Amino acid sequence: MKGIKFIIAGILFGIVMSKSEAISWFRIQEMFRFQDFHMYGIIGTAVVLGTIATFLIKKFKLRDYQGNPIVFTPKEKSIPRYIIGGTIFGLGWALTGACPGPMFVNIGYSYWAIFIAIAGALSGTYLYGAIKDRLPH
Amino acid sequence: MLELIRQPWPWYTSGIVIAFIMVLLLFFGKSFGFSSNLRTICSACGAGKNVKFFDFDWRSQTWNLLFLVGAVIGGFISAEFLSSGEPVQISQATIQDLQQLGISSPDGMQPQEIFSLSAAFTLKGFLILLLGGFAIGFGARYAGGCTSGHAISGISNLQLPSLIAVIGFFIGGLITTFVLLPLIF
């Protein structure tokens, strides 16, 4: 059962996203309307701690549990792909109130309607794969 | 103790745990990025036969699918055992703005006007979820990541592309919030 640790990490993710209400459409609306600090606090805390952790991992050249070096792959340099792709993502994020992680957490919460959004997300991913060579990157 | 857990958790707990999960996955030799699962699922369903983008060894991504399964279980555990049943505690200003759009104040985690099955199976409700999901799937792959891959992992690694992607997330989110939603509702 090498995989169990990933399930446990996922459970922790699902619980914390639910308990901090980050899976709620209402919270995402509140964020895009800049009417509460809540979502900014979540993302901000994660980024500050994540930046410190990433810095320390690089500085001390830490290794993973199998002894392999932890490597960070730099993102490919581009502007159009991030700004266009990001904007399309944001349009959907504010509409469904769920980014990909929370979409699946919502299944556990018995919001079955989210399956429609997941079907949409899979179709969107498929279309991107099919036409990616014709898009500006 | 259980009473305390059943209350909504403050933002910093969530931020700390998300950073912890990111680091945990790094120590497992992986990287935190949820939307890759969408590509993996397409590939597992055989999309690689027609489209090269999906022709890769999706089994190498099984770990992330297990993380996804865990996320569903985590949602279930929260709803069944850790919930106070209280509606989401959003600000009064948001409640008022949404009421003007015809969305009633929260009585749970999600608005009835979008997530109840009766709303989801009207043409409007169905299209909101389907097209919203479509934009998320298309945009996440186009931008090479979603909130976890860019906003958390990418910015933590001081990646300029991730910052640009997050700016894009907000451009899109603001357009939906202030232009599309008033047109739709």
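Mentor: Nine residues of domain 1 of chain B are in contact with ten residues of domain 2 of chain B, where contact requires that the C-beta atoms of two residues, placed from the backbone, lie within 7 Å. On the domain 1 side of chain B, the elements that give two or more residues are α2 (11-27) and α3 (36-44) of chain B; helices are DSSP runs of H or I of at least four residues, and strands are runs of E of at least two, numbered from the N terminus. By class, that side of domain 1 has five nonpolar, three polar and one charged residues. Here Ala, Val, Leu, Ile, Met, Phe, Trp, Tyr, Cys and Pro count as nonpolar, Asp, Glu, Lys and Arg as charged, and the others, Gly among them, as polar.

The model is predicted: local features need pLDDT of at least 70 and side-chain atom pairs pLDDT 80 or more, while totals for chains, interfaces and linings use all residues. Residues are numbered from 1 along each chain as its sequence is written, with chains lettered from A and ligands numbered from 1 in the order in which they are written.

Domain 1 of chain B covers 1-83 and domain 2 covers 116-184, bounds that come from an automatic or database domain assignment. Their centres, taken over C-alpha atoms, are separated by 18 Å.

An unreviewed UniProt entry places the feature "transmembrane region" at residues 12-29, 62-82, 114-139 and 160-184 of chain B; the positions follow the numbering used here, feature names are shortened, and annotations may be inferred rather than shown by experiment. Residues 160-184 of chain B are 100% helix and 0% strand, with end C-alpha atoms 34 Å apart. For residues 114-139 of chain B, the figures are 88% helix, 0% strand and 22 Å between the end C-alpha atoms.

Towards the other chain, 107 residues of chain B are in contact with 101 residues of chain A. The side of chain B that touches chain A comprises 74 nonpolar, 30 polar and three charged residues.
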